[in-house]
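Trainee: Please show me how to read a few local features, and then the contact between chains.

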Amino acid sequence: MSLDATLDSLSNTTLALAISQGALSFPMLECIHVVAISVVVGTIAIVDLRLLGYRSHRRGVCQLIRDVLPYTWAAFAVAALAGSLLFISSASRYAHNAQFQLKLVLIAAAAINMAFFHLTIYRRVAQWDDLLPPPLQARIAGATSLCLWIAVIFLGRWVGFTLQ
Amino acid sequence: MADIHGAIEWLYGTAVSSAIRDTDWIVPTVQAIHICAITVIVGSALVTELRIAGLVAPDESLNVVAQRYLPWMWRALAVLLATGLVMVVGEPERVLGNRVFWIKMALVALGALLSVFLRKPLLRSAQQAQRQPTKALAWVLMILWVAVIFSGRWIAYTS
(Lines give C-alpha, C1' and ligand atoms only; values in the text may rest on other atoms or scores of the structure.)
Protein backbone atom coordinates (compact mmCIF):
# COMPACT_ATOMS: atom_id res chain seq x y z
CA MET A 1 0.00 0.00 0.00
CA SER A 2 1.37 3.43 -0.90
CA LEU A 3 1.90 6.08 1.76
CA ASP A 4 -1.03 8.14 0.48
CA ALA A 5 -3.35 5.14 0.59
CA THR A 6 -2.23 4.44 4.15
CA LEU A 7 -2.86 8.07 5.12
CA ASP A 8 -6.30 8.00 3.51
CA SER A 9 -7.28 4.82 5.29
CA LEU A 10 -6.10 6.51 8.52
CA SER A 11 -8.47 9.40 7.84
CA ASN A 12 -11.32 6.94 7.25
CA THR A 13 -11.11 5.27 10.64
CA THR A 14 -14.08 5.78 12.95
CA LEU A 15 -11.99 7.96 15.25
CA ALA A 16 -10.72 10.20 12.43
CA LEU A 17 -14.22 10.57 10.95
CA ALA A 18 -15.57 11.53 14.36
CA ILE A 19 -13.11 14.46 14.34
CA SER A 20 -13.49 15.57 10.71
CA GLN A 21 -17.28 15.26 10.81
CA GLY A 22 -17.61 17.12 14.06
CA ALA A 23 -18.69 14.46 16.55
CA LEU A 24 -15.35 14.98 18.33
CA SER A 25 -14.74 18.70 18.24
CA PHE A 26 -11.76 19.81 16.12
CA PRO A 27 -11.66 23.28 17.77
CA MET A 28 -11.71 21.65 21.21
CA LEU A 29 -8.69 19.52 20.25
CA GLU A 30 -6.94 22.66 19.01
CA CYS A 31 -7.55 24.38 22.35
CA ILE A 32 -6.10 21.41 24.24
CA HIS A 33 -3.13 21.37 21.83
CA VAL A 34 -2.42 25.08 22.45
CA VAL A 35 -2.71 24.79 26.25
CA ALA A 36 -0.33 21.80 26.23
CA ILE A 37 2.15 23.55 23.92
CA SER A 38 2.16 26.61 26.20
CA VAL A 39 3.15 24.43 29.14
CA VAL A 40 5.76 22.51 27.09
CA VAL A 41 7.45 25.60 25.63
CA GLY A 42 6.87 27.76 28.72
CA THR A 43 8.65 25.31 31.02
CA ILE A 44 11.39 24.50 28.48
CA ALA A 45 12.02 28.23 28.01
CA ILE A 46 12.62 28.63 31.77
CA VAL A 47 15.35 25.96 31.59
CA ASP A 48 16.77 27.33 28.30
CA LEU A 49 16.97 30.86 29.69
CA ARG A 50 18.71 29.52 32.81
CA LEU A 51 21.23 27.75 30.55
CA LEU A 52 21.76 31.14 28.86
CA GLY A 53 22.42 32.72 32.26
CA TYR A 54 19.04 34.17 33.31
CA ARG A 55 18.22 33.31 36.91
CA SER A 56 15.21 31.14 37.65
CA HIS A 57 13.52 30.35 40.96
CA ARG A 58 16.33 27.89 41.73
CA ARG A 59 19.99 28.55 42.32
CA GLY A 60 21.13 25.40 40.56
CA VAL A 61 20.35 24.08 37.09
CA CYS A 62 19.90 20.51 38.31
CA GLN A 63 17.14 21.33 40.79
CA LEU A 64 15.40 23.57 38.28
CA ILE A 65 15.31 20.79 35.68
CA ARG A 66 13.99 18.35 38.29
CA ASP A 67 11.28 20.86 39.27
CA VAL A 68 9.84 21.51 35.82
CA LEU A 69 10.63 18.48 33.65
CA PRO A 70 7.75 16.27 34.88
CA TYR A 71 5.31 19.01 33.81
CA THR A 72 7.09 19.42 30.45
CA TRP A 73 6.80 15.70 29.70
CA ALA A 74 3.19 15.39 30.84
CA ALA A 75 2.21 18.37 28.69
CA PHE A 76 4.23 17.03 25.76
CA ALA A 77 2.28 13.76 25.92
CA VAL A 78 -1.01 15.72 25.83
CA ALA A 79 0.22 17.95 22.96
CA ALA A 80 1.38 14.94 20.93
CA LEU A 81 -1.90 13.08 21.53
CA ALA A 82 -4.10 16.06 20.61
CA GLY A 83 -1.79 16.78 17.65
CA SER A 84 -2.06 13.18 16.41
CA LEU A 85 -5.85 13.37 16.57
CA LEU A 86 -5.83 16.65 14.61
CA PHE A 87 -3.46 15.00 12.10
CA ILE A 88 -5.57 11.91 11.40
CA SER A 89 -8.65 14.05 10.73
CA SER A 90 -7.06 14.82 7.34
CA ALA A 91 -3.80 12.90 7.35
CA SER A 92 -2.72 13.28 3.74
CA ARG A 93 -3.38 17.05 3.67
CA TYR A 94 -1.11 17.52 6.69
CA ALA A 95 1.49 15.06 5.41
CA HIS A 96 1.81 17.02 2.14
CA ASN A 97 2.08 20.39 3.90
CA ALA A 98 5.69 21.68 3.84
CA GLN A 99 5.28 23.66 7.09
CA PHE A 100 3.94 20.60 8.86
CA GLN A 101 6.84 18.44 7.61
CA LEU A 102 9.40 21.03 8.72
CA LYS A 103 7.67 21.32 12.10
CA LEU A 104 8.15 17.58 12.73
CA VAL A 105 11.80 17.82 11.62
CA LEU A 106 12.44 20.68 14.08
CA ILE A 107 10.75 18.80 16.96
CA ALA A 108 13.09 15.88 16.19
CA ALA A 109 16.04 18.31 16.12
CA ALA A 110 14.97 19.68 19.53
CA ALA A 111 14.88 16.11 20.87
CA ILE A 112 18.37 15.39 19.54
CA ASN A 113 19.66 18.67 20.99
CA MET A 114 18.19 17.74 24.39
CA ALA A 115 19.57 14.18 24.27
CA PHE A 116 23.02 15.49 23.33
CA PHE A 117 22.91 18.02 26.21
CA HIS A 118 21.92 15.33 28.73
CA LEU A 119 24.59 12.88 27.53
CA THR A 120 27.46 15.38 27.48
CA ILE A 121 27.75 18.60 29.52
CA TYR A 122 24.82 17.76 31.84
CA ARG A 123 26.74 14.68 33.05
CA ARG A 124 29.20 17.12 34.60
CA VAL A 125 26.49 19.46 35.95
CA ALA A 126 27.93 19.21 39.47
CA GLN A 127 30.88 21.30 38.26
CA TRP A 128 28.74 24.18 36.92
CA ASP A 129 25.35 23.81 38.65
CA ASP A 130 25.48 27.26 40.34
CA LEU A 131 27.78 28.94 37.84
CA LEU A 132 26.68 32.15 36.11
CA PRO A 133 27.15 32.42 33.20
CA PRO A 134 27.02 28.66 32.53
CA PRO A 135 29.69 27.03 30.31
CA LEU A 136 29.57 27.73 26.59
CA GLN A 137 28.25 24.30 25.60
CA ALA A 138 25.29 24.68 27.98
CA ARG A 139 24.58 28.16 26.60
CA ILE A 140 24.65 26.82 23.04
CA ALA A 141 22.24 24.00 23.99
CA GLY A 142 19.87 26.53 25.61
CA ALA A 143 19.96 28.93 22.66
CA THR A 144 19.44 26.09 20.16
CA SER A 145 16.47 24.73 22.08
CA LEU A 146 14.86 28.15 22.44
CA CYS A 147 15.22 28.93 18.72
CA LEU A 148 13.90 25.51 17.68
CA TRP A 149 10.78 25.71 19.87
CA ILE A 150 9.98 29.25 18.73
CA ALA A 151 10.30 28.02 15.12
CA VAL A 152 8.00 25.06 15.95
CA ILE A 153 5.33 27.49 17.22
CA PHE A 154 5.67 29.65 14.09
CA LEU A 155 5.40 26.64 11.77
CA GLY A 156 2.46 25.23 13.71
CA ARG A 157 0.53 28.45 13.32
CA TRP A 158 1.56 28.63 9.68
CA VAL A 159 0.07 25.19 8.97
CA GLY A 160 -3.35 26.64 9.71
CA PHE A 161 -2.86 29.24 6.98
CA THR A 162 -1.26 27.01 4.31
CA LEU A 163 -3.18 23.73 4.53
CA GLN A 164 -4.52 22.90 1.05
CA MET B 1 -24.03 48.14 20.27
CA ALA B 2 -24.73 50.76 17.57
CA ASP B 3 -21.63 52.85 18.31
CA ILE B 4 -19.30 49.83 18.36
CA HIS B 5 -20.43 48.94 14.84
CA GLY B 6 -19.66 52.47 13.74
CA ALA B 7 -16.20 52.17 15.30
CA ILE B 8 -15.64 48.78 13.63
CA GLU B 9 -16.56 50.22 10.23
CA TRP B 10 -14.30 53.23 10.69
CA LEU B 11 -11.39 51.00 11.83
CA TYR B 12 -11.94 48.66 8.87
CA GLY B 13 -11.71 51.61 6.50
CA THR B 14 -8.35 52.89 7.78
CA ALA B 15 -5.22 52.40 5.65
CA VAL B 16 -3.39 50.51 8.43
CA SER B 17 -6.27 48.03 8.71
CA SER B 18 -6.26 47.19 5.00
CA ALA B 19 -2.44 47.00 5.02
CA ILE B 20 -2.62 44.32 7.76
CA ARG B 21 -5.30 42.38 5.84
CA ASP B 22 -3.62 42.63 2.44
CA THR B 23 -0.10 41.60 3.53
CA ASP B 24 -0.42 37.86 3.79
CA TRP B 25 2.40 37.18 6.24
CA ILE B 26 1.37 39.73 8.89
CA VAL B 27 -1.55 37.91 10.55
CA PRO B 28 0.15 34.48 10.85
CA THR B 29 3.38 36.11 12.13
CA VAL B 30 1.55 38.23 14.69
CA GLN B 31 -0.49 35.20 15.83
CA ALA B 32 2.72 33.15 16.21
CA ILE B 33 4.31 35.91 18.33
CA HIS B 34 1.06 36.03 20.34
CA ILE B 35 1.40 32.29 21.09
CA CYS B 36 5.09 32.66 22.03
CA ALA B 37 4.08 35.35 24.57
CA ILE B 38 1.33 33.04 25.86
CA THR B 39 3.97 30.38 26.59
CA VAL B 40 5.94 32.94 28.65
CA ILE B 41 2.85 33.86 30.74
CA VAL B 42 1.85 30.22 31.14
CA GLY B 43 5.37 29.07 32.10
CA SER B 44 5.81 31.91 34.63
CA ALA B 45 2.31 31.61 36.07
CA LEU B 46 2.44 27.82 36.25
CA VAL B 47 5.66 27.68 38.28
CA THR B 48 4.54 30.49 40.63
CA GLU B 49 1.03 29.09 41.08
CA LEU B 50 2.33 25.54 41.64
CA ARG B 51 4.76 26.96 44.23
CA ILE B 52 1.87 28.70 46.00
CA ALA B 53 -0.09 25.45 45.81
CA GLY B 54 2.94 23.71 47.35
CA LEU B 55 3.62 21.33 44.46
CA VAL B 56 6.83 22.84 43.04
CA ALA B 57 9.93 23.77 45.05
CA PRO B 58 8.20 23.84 48.46
CA ASP B 59 11.61 24.35 50.08
CA GLU B 60 12.22 27.55 48.08
CA SER B 61 11.12 30.98 49.37
CA LEU B 62 7.69 31.86 47.99
CA ASN B 63 8.80 35.49 47.69
CA VAL B 64 11.84 34.65 45.57
CA VAL B 65 9.71 32.55 43.18
CA ALA B 66 7.01 35.22 42.81
CA GLN B 67 9.55 38.04 42.35
CA ARG B 68 11.55 36.12 39.75
CA TYR B 69 8.63 35.44 37.42
CA LEU B 70 6.34 38.46 37.78
CA PRO B 71 8.44 40.77 35.51
CA TRP B 72 8.32 38.12 32.76
CA MET B 73 4.54 38.05 33.05
CA TRP B 74 4.32 41.83 32.62
CA ARG B 75 6.64 41.76 29.59
CA ALA B 76 4.64 38.96 27.98
CA LEU B 77 1.37 40.78 28.74
CA ALA B 78 2.70 43.86 26.91
CA VAL B 79 3.57 41.71 23.85
CA LEU B 80 0.14 40.04 24.01
CA LEU B 81 -1.70 43.37 24.09
CA ALA B 82 0.41 44.75 21.22
CA THR B 83 -0.02 41.70 18.96
CA GLY B 84 -3.69 41.43 19.96
CA LEU B 85 -4.15 45.06 18.93
CA VAL B 86 -2.72 44.32 15.46
CA MET B 87 -5.31 41.53 15.06
CA VAL B 88 -8.11 43.86 16.22
CA VAL B 89 -7.08 46.58 13.74
CA GLY B 90 -6.66 44.09 10.88
CA GLU B 91 -10.00 42.33 11.33
CA PRO B 92 -12.13 44.50 13.65
CA GLU B 93 -15.45 42.79 12.87
CA ARG B 94 -14.04 39.29 13.42
CA VAL B 95 -12.67 40.30 16.84
CA LEU B 96 -14.64 43.23 18.32
CA GLY B 97 -17.92 41.93 16.93
CA ASN B 98 -17.31 38.57 18.58
CA ARG B 99 -18.86 37.84 21.99
CA VAL B 100 -16.18 35.27 22.84
CA PHE B 101 -13.52 37.99 22.45
CA TRP B 102 -15.21 40.12 25.13
CA ILE B 103 -15.50 37.09 27.42
CA LYS B 104 -11.78 36.51 26.87
CA MET B 105 -10.97 40.15 27.75
CA ALA B 106 -13.03 39.91 30.95
CA LEU B 107 -11.17 36.71 31.91
CA VAL B 108 -7.77 38.34 31.16
CA ALA B 109 -8.64 41.35 33.35
CA LEU B 110 -9.79 39.01 36.13
CA GLY B 111 -6.60 36.92 35.78
CA ALA B 112 -4.33 39.98 35.93
CA LEU B 113 -6.13 41.39 39.00
CA LEU B 114 -6.12 38.05 40.80
CA SER B 115 -2.41 37.50 39.98
CA VAL B 116 -1.49 40.91 41.44
CA PHE B 117 -3.72 40.37 44.47
CA LEU B 118 -2.11 36.97 45.13
CA ARG B 119 1.50 38.18 44.64
CA LYS B 120 1.35 41.59 46.31
CA PRO B 121 2.21 40.38 49.84
CA LEU B 122 5.16 38.43 48.37
CA LEU B 123 6.90 41.31 46.59
CA ARG B 124 8.18 43.41 49.50
CA SER B 125 11.25 41.43 50.57
CA ALA B 126 13.01 38.12 50.14
CA GLN B 127 11.64 37.09 53.55
CA GLN B 128 8.58 34.91 53.49
CA ALA B 129 5.41 36.87 54.30
CA GLN B 130 3.54 36.20 57.53
CA ARG B 131 0.28 35.42 55.79
CA GLN B 132 0.38 32.75 53.11
CA PRO B 133 -1.63 33.33 49.95
CA THR B 134 -4.67 31.10 49.57
CA LYS B 135 -3.75 27.88 47.74
CA ALA B 136 -7.23 27.61 46.25
CA LEU B 137 -6.76 30.93 44.43
CA ALA B 138 -3.63 29.57 42.75
CA TRP B 139 -5.74 26.74 41.32
CA VAL B 140 -8.46 29.20 40.26
CA LEU B 141 -5.78 31.18 38.37
CA MET B 142 -4.42 28.12 36.56
CA ILE B 143 -7.95 27.20 35.43
CA LEU B 144 -8.56 30.84 34.45
CA TRP B 145 -5.53 30.92 32.10
CA VAL B 146 -6.67 27.67 30.48
CA ALA B 147 -10.09 29.27 29.93
CA VAL B 148 -8.39 32.33 28.38
CA ILE B 149 -6.53 30.11 25.87
CA PHE B 150 -9.72 28.21 25.05
CA SER B 151 -11.69 31.40 24.44
CA GLY B 152 -8.84 32.83 22.34
CA ARG B 153 -8.84 29.84 19.99
CA TRP B 154 -12.63 29.85 19.99
CA ILE B 155 -12.78 33.37 18.49
CA ALA B 156 -11.86 31.73 15.16
CA TYR B 157 -14.97 29.53 15.32
CA THR B 158 -17.65 31.97 16.48
CA SER B 159 -19.00 35.29 15.31
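Trainee: In which loop is A:P133 found?

Mentor: A:P133 sits in the loop between α7 (125-128) and α8 of chain A; helices are DSSP runs (H or I, at least four residues), numbered from the N terminus. This is a predicted model, where local features need pLDDT of at least 70, side-chain atom pairs count only at pLDDT 80 or more, and totals for chains, interfaces and linings use all residues. Residues are numbered from 1 along each chain as its sequence is written, while chains are lettered from A and ligands numbered from 1 in the order in which they are written.

Trainee: What kind of peptide bond joins A:L132 and A:P133?

Mentor: Most residues other than glycine have a negative phi, and most peptide bonds are trans. The bond between A:L132 and A:P133 is cis, with omega about -5°.

Trainee: What is the phi of B:A57, and where does B:A57 lie?

Mentor: Phi of B:A57 is positive, near 45°, and the residue is not glycine. B:A57 belongs to the loop between α3 (26-53) and α4 (62-90) of chain B.

Trainee: Why does B:A57 count as buried?

Mentor: A residue is buried if 20 or more other C-beta atoms, placed from the backbone, lie within 10 Å of its own. B:A57 counts as buried because it has 21 C-beta neighbours inside 10 Å.

Trainee: How many residues of chain A are in contact with chain B?

Mentor: Two residues are in contact if their C-beta atoms, placed from the backbone, lie within 7 Å. Here 25 residues of chain A are in contact with 24 residues of chain B. On the chain A side, α3(A) gives the most, with 12 residues.

Notes
Helices (H or I, at least four residues) and strands (E, at least two) are DSSP runs, numbered from the N terminus. A residue is buried if 20 or more other C-beta atoms lie within 10 Å of its own, exposed if 12 or fewer, and partly exposed in between; C-beta atoms are placed from the backbone.
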